[in-house]
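Here's a quick tour for anyone meeting this structure for the first time. Have a look at it first, then read on.

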Amino acid sequence: MSFSLHEREDTIVALATPQGVGAIAVIRLSGRDAIRLVNQVFKGKNLEKAASHTIHFGTIRDGEKIIDEVLVSIFVAPKSFTKENVVEISTHGSSYIVNQVIKLLIRQGARPAKPGEFTQRAFLHGQFDLAQAEAVADLIHSDSESSHQAAISQMRGGFSNEIQHLRSELIHFASMIELELDFTEEDLEFASRRDLRVLVEKLLREIELLIASFDLGNVIKNGVPTVIAGKPNAGKSTLLNALLNEEKAIVSDIAGTTRDFIEDEINLGGVIFRFIDTAGLRETTDTIEAIGVSRTQEKMKTASLILYLFDLSDTDMVEINRDINKLENLGVPFLKVANKIDKANPLFINELNEKYPDTIFISAGQKENLDLLKNRILELVNLDKFRTGNTIVTNIRHYDSLVKTRQSLLDVLAGLDHEVTNDFLAMDIRRSLHYLGEITGEITTDDLLANIFSKFCIGK
């Protein structure tokens with residue numbers, strides 16, 4: 001989805017609030033003729049003479065027919081989100097009214113907006129850079145304190161400022177190297193190779209920190225996939241239900257009740273965890289259950305966290321040792337969770353405590369010690385770095401560009417080591433600048449913009 005120059009001159013219209021019946025709906029227009037088009041169907045104050053950032057009461061009319069009583073907000077260019085003339089019409093929330101108003105505006109000369117077109121116009125007019133534009137979509141979809149905070153920080157330019165700082169430091173040396181290419185016969189050196197090495201090594205350290213932050217950023221944005229694993233009847237479904245405070249999973253005394261995955265989300269300490277209740281870990285002759293067990297093992301390999309749950313009243317130390325050994329070989333962080341403490345032998349609890357002092361003892365059925373479990377889960381997601389205000393990378397596109405930047409900078413160091421000629425050195429520096437510029441949109445293509453903004457909702 002790309003926009004031609006002609007399309008960028010159009011006045012666009014879309015519903016900015018969710019589809020469906022509600023108290024009000026907001027219809028948004030943007031473009032040079034936005035105010036004029038609305039004024040043609042608005043009965044009230046002359047909107048073309050209205051000051052920016054004012055709201056006016058009146059009616060939207062199709063000829064003499066009144067469609068609705070509305071409030072119209074006026075934003076005169078360049079003092080608007082898109083830096084174009086923008087009008088927002090607040091109507092009653094009837095889908096019939098919304099459709100009638102939008103169809104009327106299209107007949108006046110507007111056209112339906114494409115996904116993300118309002119935000120793309122804001123980007124193209126310099127309202128913010130590409131990383132900030134992407135943060136708008138992240139903010140809309142944020143469903144936890146941490147994802148909201150990350151999106152707000154990026155939208156307000158925190159990440160962009162860091163990238164601009166890295167890029168500006170490199171641009172100086174790039175220009176000096178390019179200048180040397182113009183004076184090759186005079187054998188002049190404008191850029192100290194030693195200083196360039198110091199700078200590149202410094203930039204690499206900063207970029208490495210940004211790249212390393214992506215694991216945390218991905219968790220913040222998409223949630224922590226957390227598998228509840230253990231043998232049948234350990235209480236996995238009961239634990240899921242207790243954590244969610246609803247009967248999401250079927251609970252039964254019959255072993256192997258859960259044949260596939262049951263998944264839901266819970267917000268712990270501002271972080272979304274995607275809990276996955278799986279089929280039990282055991283050998284089985286039941287064909288369908290065997291498929292579930294196989295899928296459980298695959299799911300565990302891709303999890304960010306595993307809750308290894310075992311029944312204190314129906315498990316011995318041999319089984320626990322065997323399961324823990326398998327989990328350690330997976331290399332995925334896991335918590336040892338001993339369930340049904342209310343039915344356990346105190347001697348067995350002491351034995352477990354001695355061998356595995358980090359075991360968490362709970363009763364899922366009685367909802368005992370669940371707060372302790374939640375706190376231990378949160379400890380494994382290190383948010384300290386995020387909460388101190390450090391920049392966190394949450395976007396896979398940004399991560400990919402940073403990885404490419406790192407490689408280009410490593411090539412610069414290799415070139416310095418091998419004393420390559422200035423033209424090759426300049427090529428690697430330019431490539432580093434290119435990948436950094438892709439993040440903020442200083443380097444863009446129509447295909448890149450189309451891919452980014454096509455993922456936005458219509459009306460934003």
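Aspartate 428 is buried, as its relative accessible area is 13% (buried means under 20%, exposed over 50%, partly exposed in between, with a 1.4 Å probe and protein chains only). You'll find Asp428 in helix H17, residues 422-440. Setting aside neighbours within four places in sequence, Asp428 is in contact with Ser408, Asp411 and Val412 (contact means heavy atoms within 4.5 Å).

A word on the model: it's predicted, so local features need pLDDT of at least 70, side-chain atom pairs count only at pLDDT 80 or more, and totals for chains, interfaces and linings use all residues. Residues are numbered from 1 along each chain as its sequence is written, and side-chain values use heavy atoms, leaving out hydrogens and water.

Here are the two residues side by side:

| Residue | Relative accessible area |
|---|---|
| Aspartate 428 | 13%, buried |
| Isoleucine 55 | 58%, exposed |

Isoleucine 55 sits in strand S4, residues 54-62 (strands are DSSP E runs of at least two residues, helices H or I runs of at least four, numbered from the N terminus).

Now for the sheet. Seven strands make an open sheet with mixed pairing, ordered S3-S4-S5-S6-S2-S1-S7 (two strands pair if DSSP finds at least two bridges between them). Strands S3 (42-43) and S7 (111-112) are at the edges, each with a single partner strand, so one side of each has no neighbour in the sheet. S4 pairs with S5 (residues 65-75) in the antiparallel sense over nine bridges. Threonine 59 stands opposite glutamate 69 in S5.
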